[in-house]
Amino acid sequence: MRCPSTTGEDYGGLADYAAGRLSRRLVSVFDAHVSECGTCRVFVESQKKLWNVLDEWDADPVSFGFDRMLYARIDQVKERSPLRRLAVFTSGWVSNPAIPLVATLALLIAGFLAYRPARGVPEEAPKSVVVPVVDPFEVDQLNRVMEDLQLLHQLDEVKDEAAASSAM
Ligand SMILES: [Zn+2]
């Protein structure tokens, strides 16, 4: 067998060997290699220890009021304002890395098509300059949406930190 510590290949075969998922013929090949290769022997021993720990580990039972607390949280989300629900909905989309990329490409294509100069038509000088007018109400609304999105992002970070600290 080719030793993964010298070839740079992954240790998937050794992990399967340590977990006892290989055929008898492959086990004898791995037995021979592990008996003479210290690096692979250390890896296999660590994998076996990990499997032992996982076999002994019992998950905590679900707490008595879990369903009630879960439904209360769901009801809280339902009671949120439509703007917040829209923000939650769009944040789910934004967390998918492909969607912003597709949206950016669509904007680029739309911009290219919109501002491409027409062929064969002589360009005329612009008759007037259009100054965009921004409604102050829209600015205020946009600020609130941005604050809501920032709050949701902070909530996600707190949730991630809590999950990371509870996983330790
Ligand atoms: Zn080896």
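How many helices and strands does the chain have? The chain has 8 helices and 0 strands, and the coordinates come from a predicted model.

**View 1. Overall fold of the predicted chain.** From the N terminus on, the order of elements is α-α-α-α-α-α-α-α. The chain counts 168 residues, of which 4% are buried. Taking contacts between residues at least 6 apart in sequence, 68% join residues at least 24 apart.

**View 2. Confidence along the chain.** The mean pLDDT of the chain is 81, and 81% of the residues score at least 70. Among the elements, helix α3 has the highest mean pLDDT, 94. The lowest mean, 70, belongs to helix α6, residues 82–94. Where pLDDT is low, the predicted coordinates should not be read in detail.

**View 3. The largest nonpolar core.** This core consists of 6 residues: Leu-14, Tyr-17, Ala-18, Val-34, Cys-40 and Val-44. Two elements, α2 (12–19) and α4 (38–56), each give two or more residues to the core. Helix α2 gives the most, with 3 residues. In soluble globular proteins, nonpolar side chains tend to be buried together.

**View 4. Surroundings of Tyr-17.** Tyr-17 is one of the residues of the largest nonpolar core. With neighbours within four places in sequence left aside, the contacts of Tyr-17 are Leu-22, Val-27, Phe-30 and Val-44.

View 5. Beyond residues up to four places away in sequence, Val-34 touches Cys-40, Arg-41 and Val-44. Val-34 and Val-44 are 10 residues apart along the chain, and their C-alpha atoms are separated by 8.1 Å.

**View 6. Ala-15 in helix α2.** Ala-15 is a residue of helix α2. Buried, exposed or partly exposed: which word applies to Ala-15? Ala-15 is partly exposed because 15 other C-beta atoms lie within 10 Å, a count between the limits of 12 or fewer for exposed and 20 or more for buried. Lys-48 is 33 residues from Ala-15 along the chain, with a C-alpha separation of 8.8 Å.

**View 7. Helix α3, end to end.** Residues 24–36 form helix α3, 13 residues in all. The distance from the first C-alpha to the last is 19 Å, close to the 18 Å expected at 1.5 Å a residue. The number of buried residues in α3 is 1 of 13, so this helix lies largely in the open.

**View 8. Helix α7, end to end.** Helix α7 covers residues 98–115, 18 residues. At 1.5 Å a residue the helix should span 26 Å, and the end C-alpha atoms are 26 Å apart, which agrees. Helix α7 is hardly covered, with 0 buried residues among its 18.

How values were computed:
Residues are numbered from 1 along each chain as its sequence is written. This is a predicted model: local features need pLDDT of at least 70, side-chain atom pairs count only at pLDDT 80 or more; totals for chains, interfaces and linings use all residues. Helices (H or I, at least four residues) and strands (E, at least two) are DSSP runs, numbered from the N terminus. Two residues are in contact if their C-beta atoms, placed from the backbone, lie within 7 Å. A nonpolar core is a set of buried Ala, Val, Leu, Ile, Met, Phe, Trp, Tyr and Cys residues joined through C-beta atoms within 7 Å. The expected span of a helix is 1.5 Å times one less than its number of residues. pLDDT is the predictor's confidence in each residue, from 0 to 100.
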